[in-house]
Amino acid sequence: MAPLTVLSTRKKAQLRLTRESEIFTTIIKAIQEKKGENIVSLDLRQIPEAVADFFILCEANSGTQVKAIADYVTEEVEKHTEEEPYKHEGFSSQQWVLVDYVNVVLHIFQPETRKFYNLEEMWSDAERMEHNDDN
């Protein structure tokens, strides 16, 4: 399972996003509405080798919930921004689904998969922000 391989095949868009961008806020809200947990964004804009402006990571407690979050995010982003994913991966295993919107990449993990791949540590130079309902 190597969802990050999809990221090396495309170029980052020139328009830079912020955490206030409509696509970013729509993704966060959709994850929260489907009860995604441990929602974190990593700001990659200051990292030259980064493939996106932001990674958004969250957890789901089952494969069914992983798929439900991915599907709902895709629906909500299309409804509010008219953007469709550039690519997505991981729907077959439902351990880690990646939804790539070029400047923002969503990673939906089951907890043990998130712990194993530890993207937060891999991108530890990025500014990290939590986006749980109480924030």
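Predicted model: local features only at pLDDT ≥ 70, side-chain atom pairs only at ≥ 80, totals over all residues.
View 1. Five aromatic pairs are counted in the structure; one of them joins Phe-116 and Tyr-117 in an edge-to-face arrangement, with the ring centres 5.0 Å apart and 85 degrees between the planes. Ring pairs also tie these two residues into a cluster that includes Trp-96 and Phe-109.

**View 2. Strand β5 and its buried side chains.** Strand β5 covers residues 104-109 and is mostly covered, six of its six residues being buried. In a regular strand the side chains alternate between the two faces of the sheet. In β5, Val-104, Leu-106 and Ile-108 point one way, while Val-105, His-107 and Phe-109 point the other way, and all are buried.

**View 3. The strands that pair with β5.** Strand β2, residues 54-59, pairs with β5 in the parallel sense over six bridges, and Leu-57 stands opposite His-107 of β5. Strand β4, residues 96-100, runs antiparallel to β5 and is joined to it by five bridges, with Asp-100 standing opposite Val-105 in β5.

**View 4. The hairpin turn between β4 and β5.** Three residues lie between β4 and β5 in this hairpin, and Val-102, in the turn, has a positive phi of about 70 degrees.

**View 5. A lysine over a tyrosine ring.** Lys-34 lies over the face of Tyr-72, at a distance of 4.9 Å from the ring centre.

Methods
Residues numbered from 1 in each chain as written. Heavy atoms only, no water. Phe/Tyr/Trp six-rings, centres within 6.5 Å; stacked < 30°, edge-to-face > 60°. Lys NZ or Arg CZ within 6 Å of the ring centre and 35° of its normal. Buried < 20%, exposed > 50% of the residue type's maximum accessible area, 1.4 Å probe, protein only. Helix = DSSP H or I, 4+ residues; strand = E, 2+ residues; numbered from the N terminus. Pairing = 2+ DSSP bridges.
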